[in-house]
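The sequence and the model come first.

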Amino acid sequence: MTIELLDLHPEPADLRRLVEEGLRSSPRQLPAWLLYDGEGSRLFAAICEQPEYSLTRTELALLDQHAKAMAAAVGKGVMVEFGIGHAPKVSPLLNAMEASSFVALDISRSALQEALEGLKADHPTVSMLGICCDHSQLDVLPAHPLLDGQPLVGFFPGSSLGNFRPDEAVELLRRFRHLLRGGPLLLGLDQPRDPTLLEAAYDDAAGVSAAFARNLLTRLNRDLQGDIDPTSFSYRARWQPQASRIEMALVSRCDQTLQLAGRPWSFTSGDLWITEHSVKYSPTAAADLALRAGWRIEQRWHDAEDHLSMHLLLP
Ligand code: AVI
């Protein structure tokens, strides 16, 4: 049983266009997936280990506890995980589903490779396919024997949907409905809670969240011939109650002009470069979102404190 990788990663020309669009917008903000080059994916895995960031631990425990019930509820099918990252969560589900194949998508080739190799060690009989791509732009899954004619089960854990604007989140859920060809989707979302805890989760004492945000600048320097000094930006994470989200931003420490993608970009001291939003959905808000995208929530599993839920969405 092998691991196969397909590369549908965006071309550098697309990257330049996206970055120019994002830096011309007000406030300045780029798509969150740009945070996940190899180093960004490694730093995100380190965030998941921080004591302040409980999301990953809570979700893993929830999956361990309810994998059998989830497997029974989704039925038979090839599991397709959107955005697997460095540290896969799918293991208990593969066991409970007695899976013979698994397909993972991720924007980072190195994270994808590493995640599938790690999974393979625990599931040697499962055939694995990795697709390196931006799943928010994918119109169809590529033709492949693991996918062709098979019923599919989607898996989108980690509250990653929260990193999209609500209108984009609806669009993404619609896209998944189309990609999954009538199959169900397991969607993990964390919920609004004490703002002090949330702000600490996104600005940990060890500075890993700040390093993750600054790595975006290092990545852009490398990929688009920039001269940005990452230390010329400070980092902050703020809870914005009206939008039910954490805003993560780099803040220019001084007046400066950067070179990037072959042109200058001016920042005055205090100017924001938003790196990410993380929207927190209550169960009601999640149900509303699902409905707008043509899904309905059939079932919900949550932790004891009701901070995080795994939802079963049916078309
Ligand atoms: C991947 N995603 C769900 C994380 C989150 O919680 O919004 C990204 C993250 N960024 C900084 N910390 C975590």
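## Strand β14

Strand β14 (residues 308-314) is largely enclosed by the rest of the structure, because 7 of its 7 residues are buried. Buried here means under 20% relative accessible area, exposed over 50%, and partly exposed in between, with a 1.4 Å probe and protein chains only. Strands are DSSP runs of E with at least two residues, helices are runs of H or I with at least four, and both are numbered from the N terminus. In a regular strand the side chains alternate between the two faces of the sheet. In β14 both faces are covered: L308, M310, L312 and L314 are buried on one side, and S309, H311 and L313 are buried on the other.

The model is predicted: local features need pLDDT of at least 70 and side-chain atom pairs count only at pLDDT 80 or more, while totals for chains, interfaces and linings use all residues. Residues are numbered from 1 along each chain as its sequence is written, and side-chain values use heavy atoms, with hydrogens and water left out.

## Partners of β14

Two strands count as paired if DSSP finds at least two bridges between them. Strand β7 (residues 185-190) runs antiparallel to β14 and is joined to it by 6 bridges; D190 stands opposite L308. Strand β13 (residues 296-302) also pairs with β14 in the antiparallel sense, over 6 bridges, and Q299 has L312 as its bridge partner. The hairpin of β13 and β14 has 5 residues between the strands, and D306 takes a positive phi near 55° there.

## The four-stranded sheet

An open sheet of 4 strands with mixed pairing has the order β2-β12-β9-β8. β2 (28-29) and β8 (233-240) are at the edges with a single partner strand each, so one side of each has no neighbour in the sheet.

Within this sheet, β9 (residues 245-252) and β12 (residues 272-279) pair in the antiparallel sense over 7 bridges, with V251 opposite L272. β8 and β9 are likewise antiparallel, over 8 bridges, and R236 of this pair stands opposite A249 in β9. Their hairpin has 4 residues between the strands, and S244 takes a positive phi near 50°.

## The β10-β11 hairpin

Strand β10 (residues 256-260) runs antiparallel to strand β11 (residues 263-267), and 5 bridges join them. L260 stands opposite R263 in β11. With 2 residues between the strands, this hairpin has A261 at a positive phi near 55°.

## Ligand surroundings

The ligand is surrounded by 13 residues, and the closest are Y53, G158, N163, Y202 and S278. A residue counts as near a molecule or strand if one of its heavy atoms lies within 4 Å of it.

- A ligand oxygen atom is 2.5 Å from an N or O atom in the side chain of Y53.
- A ligand nitrogen atom is 2.8 Å from an N or O atom in the side chain of N163.
- A ligand nitrogen atom is 3.0 Å from an N or O atom in the side chain of E276.

## Two buried loop residues

Y202 lies in the loop between α7 (195-201) and α8, and counts as buried because its relative accessible area is 8%. Y202 and L308 are 106 residues apart in sequence and 16 Å apart in space, C-alpha to C-alpha.

I228 is in the loop between α8 (208-223) and β8. At 4% relative accessibility, I228 is also buried.

## Cavity and pocket

The structure holds 1 cavity of 30 Å³ or more, and the largest cavity has about 30 Å³ of space. On a 1 Å grid over the protein atoms alone, a cavity is a set of points where a 1.4 Å probe fits but cannot get out, and a pocket is an open set with protein on both sides within 12 Å along at least five of seven lines; lining residues have an atom within 4 Å of a point. Grid points are joined across faces, edges and corners, and a volume is the space filled by probe spheres set on the points. The cavity lining consists of Y53, S54, L55, D190, R193, L198, A201, Y202 and K280, divided into 5 nonpolar, 1 polar and 3 charged residues. Ala, Val, Leu, Ile, Met, Phe, Trp, Tyr, Cys and Pro count as nonpolar, Asp, Glu, Lys and Arg as charged, and the others, Gly among them, as polar.

The second largest pocket has about 180 Å³ of space. It is lined by 13 residues, of which K76, G77, M97, E98 and A99 are the closest to its centre. Its lining divides into 6 nonpolar, 5 polar and 2 charged residues.

Definitions and conventions. Polar contact = N/O pair within 3.5 Å; in protein donor to acceptor, adjacent residues only side chain to side chain.
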